[in-house]
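Here are some notes for a first reading. Keep the structure open beside them.

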Amino acid sequence: MTGLRILLGAVILGGLGAAAPFTPLWLISLVTLAMSTGLVVCGLIILWRGGLVPFGQALFFATGAYTVALSGRWFGLTDAFLLIGLAVIMAALVAFVVGFLLAQYREIFFAMLSLALSMILYGVLVKSETLGSTDGINVTQASFFGLKPRGPGYTFALFWLALGMVFTAWVGVSAYLGSVAGQLAGAIRDNEIRVEYLGISVTRLVHLKLTISAALAGAGGALAALSISHVDPQMAYWTTSGGFVFVTILAGAASVPAAFLGALLFEIVRTIAVALLPGGWQLILGSVLLLTILFVPEGLGSLMIRKRAAVTEKGAA
Amino acid sequence: MQGTSIRACLARKVSAALLFTALPIAAVAQTTPAAPAVPPVKLGIVTFLTGPAAGPFGIPGRNSAEIMIEMLNAGKVPAPYATPGLAGAPILPKFVDEAGSSANQVTEFRNLVQRDGMNAVVGYISSGNCLAVAPVAEELKALTVFWDCGTPRIFEEKPLKYVFRATPHATMDNVAAARYVLKKFPDLASFSGINQNYAWGQDSWRDFVAAMKALAPKATVDKELLPKLFAGEFGAEISALLTTNSKVVHSSFWNGDLESFIVQNGARGLPARSTMVYTAGETAMFRLGAKIPDGTIIGARGPHGVMAPDTPLNKWFRGVYEDRFATSPTYPAYHMAQSILGLKSAWDKAAAAKGGQQPSIDEVVKAFEGLEFEGPSAKIRMAIGNGHQGIADIAYGSFRFNKAEGKAEIVDIVRYPAECVNPPANMTSTAWLEAGMPGAKCN
């Protein structure tokens with residue numbers, strides 16, 4: 001991760017932010033929502049590289065979303081930055097606690113145990129009538145450092161906030177993936193015993209990865225809650241987790257920006273499918289996933305990485 | 001060299017971004033039709049087209065919308081709706097599937113209003129989706145008529161300006177059920193309930209218990225069962241109900257749960273011990289027929305279906321619906337029809353105040369508030385929720401299978417006036433029930 005690439009990323013995101021007032025509002029809300037999914041997928045990539053596929057990331061996503069909704073409802077907190085910070089802390093905290101158990105497991109056992117934990121949260125939320133049960137609860141509109149934009153201004157503010165979060169996540173996750181702990185992910189996937197012989201605790205490393213990915217999922221949940229203005233237990237349901245895994249397959253674990261592009265592509269494909277085939281849009285979504293697995297098995301990100309690698313080789317020669 | 005690669009990368013990213021932006025716009029551009037003389041009113045219709053709620057609710061709703069819009073455009077609906085379209089403007093519907101998360105619904109709602117330029121939206125069966133869409137409708141100032149969701153929370157949590165619901169909320173179903181039960185069993189000592197463990201089931205049961213407490217304080221609750229949604233198998237629950245002495249068992253089940261519960265408890269002989277009360281039972285009565293024991297108490301979320309009065313509008317509605325779809329309209333079809341007729345009444349009233357010109361959305365909103373209009377099955381009065389929530393009469397009856405004709409029937413129908421089963425304008429339903437339903441006028 002060079003300074004130049006950070007600058008480039010900042011320029012692209014800044015450009016998107018500047019273009020916002022000239023873009024249709026529905027598209028801005030759609031992109032904001034896609035970015036919230038992108039944040040979760042960003043966290044999934046960290047686990048994915050270590051060979052871990054959680055089918056219960058919705059646990060942390062919903063924790064973040066409900067933290068935002070309940071902080072507003074019970075404590076009257078409205079500042080978006082404070083709410084997102086709280087959501088990230090809560091999600092990371094939940095992951096830290098369940099991590100003591102979850103980090104002991106790998107492969108299908110890890111996937112199923114994480115799924116089970118998220119379904120426990122779902123069950124609790126559905127049974128809680130004070131939290132609106134399956135109907136969920138509304139989220140009060142947030143403020144930004146005391147400013148209270150309303151109408152289209154609110155949509156823009158959330159979009160800019162989303163861009164800021166994407167930038168932070170991109171820089172942070174790229175830095176982590178480049179660090180020793182991040183680079184060890186591949187080694188964990190290939191041979192845990194050798195990693196242990198290097199004097200590194202694999203369990204602790206997985207615990208850390210889980211906590212980081214949960215923090216990102218919490219941030220995604222918080223952004224989704226603010227953007228939809230409503231939370232419901234569906235956010236903790238396994239289909240939500242499945243959606244995140246779907247996007248990760250679409251995006252691939254090779255590149256961090258691909259997580260956001262994959263999420264955006266997924267949301268756009270879904271919305272076009274709903275418009276084209278009101279009674280069978282799920283068919284289109286399923287076909288896209290099948291075609292991705294058949295023709296781009298490593299995900300969209302692999303296309304970007306492969307080309308870049310080819311260019312760098314030529315450059316070196 | 002490094003520079004070239006970055007530029008190439010940037011170009012790729014920008015072109016990708018442009019492509020993503022252009023795709024949906026292109027899709028929209030294709031679906032926009034040529035403008036006729038009077039610009040049509042674009043109406044978004046959201047209903048379940050896929051998933052478990054499509055069969056019993058979503059598809060009857062869509063069918064009803066289809067036929068109502070077609071007939072309104074042709075000016076073929078009987079008086080007082082005989083004028084074509086909405087104040088002369090033809091209705092151009094766009095159907096959207098309600099399946100998916102509430103995030104999807106909010107996104108699709110924004111797409112309908114901001115991308116597709118819908119003038120109004122009639123939508124939503126799921127109460128969760130109604131609650132999620134309401135603040136967005138307010139933010140976008142988009143006229144929205146909820147047509148089937150039941151939760152009383154919509155207008156009770158905060159006043160809304162652009163959102164309406166002509167269909168009465170679910171409190172009335174359970175208050176009327178309690179009144180009907182006590183008419184049949186005046187000395188009821190105890191009752192039980194089996195409801196799905198999600199918002200609809202929990203709310204229905206809470207309202208029913210509160211109404212019973214107010215009307216028959218001595219009756220006690222035996223068993224309170226809340227199996228999970230779409231459980232499909234109720235062996236343990238039926239065993240539990242068989243151990244009680246409850247004369248009456250309340251249930252707000254719908255869809256597959258309702259049908260499998262009826263078949264399973266019939267095989268175990270539960271109806272011989274307890275009379276079952278199905279607040280949404282009407283959607284299943286024609287499919288199950290003789291499998292429903294005689295005497296079962298059936299509700300239809302209003303005086304719809306076979307409990308509807310014999311007015312010209314109702315006769316016409318049943319006629320065109322049965323001709324087209326070869327089945328009787330169930331209550332979701334009525335809910336959709338009355339929501340569209342409410343919108344038409346408000347639209348026509350606003351246009352009349354403007355000398356026949358097409359009204360603005362704000363003028364329609366103003367005309368809709370507190371409106372009274374005729375639905376196929378009852379008069380709807382937008383009397384509560386600051387004039388945004390409709391109330392209407394409701395009917396309950398007992399099931400009977402007519403063996404001679406092989407037909408499912410409802411007998412002993414009792415109609416309850418709207419004020420008898422709905423809270424007054426200045427009270428939330430929970431507060432009204434807890435206070436013992438003050439001000440209820442039943443005659």
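Leaving aside its neighbours within four places in sequence, which residues is S133(A) in contact with? Point 1 takes this up. Please bear in mind throughout that the model is predicted.

1. **S133(A) and its contacts.** Beyond the four places on either side in sequence, S133(A) is in contact with V126(A) and S128(A) in chain A, and with Y198(B), A199(B) and Q202(B) in chain B. S133(A) sits in the loop between helix 5 (107-127) and strand 1 (137-138) of chain A. Is S133(A) buried or exposed? It is buried: 24 other C-beta atoms lie within 10 Å, and the cut-off for a buried residue is 20 or more.

2. S133(A) and L184(A) are 51 residues apart in sequence, and their C-alpha atoms are 42 Å apart in space. Now take M119(A) and W238(A). This pair is 119 residues apart in sequence and 6.8 Å apart in space, C-alpha to C-alpha. M119(A) belongs to helix 5 of chain A. M119(A) counts as partly exposed, with 18 C-beta neighbours inside 10 Å.

3. **A helix pair in chain A.** Look at helix 6 (residues 152-178) and helix 9 (residues 202-228) of chain A. They pack at an angle of about 170 degrees, and their axes are 11 Å apart. The two helices are therefore roughly antiparallel to each other, since angles over 145 degrees count as such. By class, their contact has ten nonpolar residues, one polar residue and no charged residues. Helix 6 of chain A brings L158(A), A162(A), M165(A), A169(A) and Y176(A). Helix 9 of chain A meets them with I212(A), L216(A), A219(A), L223(A), L226(A) and S227(A).

4. **Where the chains meet.** The contact takes 40 residues from chain B and 42 residues from chain A. On the side of chain B, these elements give two or more residues: helix 1 (2-31), strand 2 (91-97), helix 3 (102-115), helix 4 (127-140) and helix 7 (199-215). Which element of chain B gives the most to this side? Helix 1 of chain B does, with twelve residues. By class, the side of chain B that touches chain A has 20 nonpolar, 14 polar and six charged residues.

5. **Chain B as a whole.** Chain B has 16 helices and 15 strands. Its radius of gyration is 24 Å, close to the 22 Å that the globule rule gives for 443 residues, so chain B is as compact as a globular protein of that length. Along the principal axes, the C-alpha atoms of chain B fill a box of roughly 85 × 65 × 45 Å. Of the 443 residues in chain B, 54% are buried. Take the contacts in chain B between residues at least 6 apart in sequence: 69% of them join residues at least 24 apart.

6. **Two domains in chain B.** The assignment gives domain 1 (10-169 + 309-391) and domain 2 (171-300 + 393-434). Their C-alpha centres lie 30 Å apart. The contact between them takes 19 residues from domain 1 and 20 residues from domain 2 of chain B. On the domain 1 side, helix 4 and strand 12 (379-384) of chain B are the elements that give two or more residues. Strand 12 of chain B gives the most to that side, with three residues. By class, the domain 1 side has ten nonpolar, seven polar and two charged residues.

Notes
Residues are numbered from 1 along each chain as its sequence is written. Chains are lettered from A and ligands numbered from 1 in the order in which they are written. This is a predicted model: local features need pLDDT of at least 70, side-chain atom pairs count only at pLDDT 80 or more; totals for chains, interfaces and linings use all residues. Helices (H or I, at least four residues) and strands (E, at least two) are DSSP runs, numbered from the N terminus. The radius of gyration is taken over C-alpha atoms; the globule rule is 2.2 Å times the number of residues to the power 0.38. A residue is buried if 20 or more other C-beta atoms lie within 10 Å of its own, exposed if 12 or fewer, and partly exposed in between; C-beta atoms are placed from the backbone. Two residues are in contact if their C-beta atoms, placed from the backbone, lie within 7 Å. Axes are lines fitted to C-alpha atoms, for helices over the stretch in contact, and angles run from 0 to 180 degrees between N-to-C directions. Angles under 35 degrees count as roughly parallel, over 145 as roughly antiparallel, 65 to 115 as roughly perpendicular and the rest as oblique. Ala, Val, Leu, Ile, Met, Phe, Trp, Tyr, Cys and Pro count as nonpolar, Asp, Glu, Lys and Arg as charged, and the others, Gly among them, as polar. Domain bounds come from an automatic or database domain assignment.
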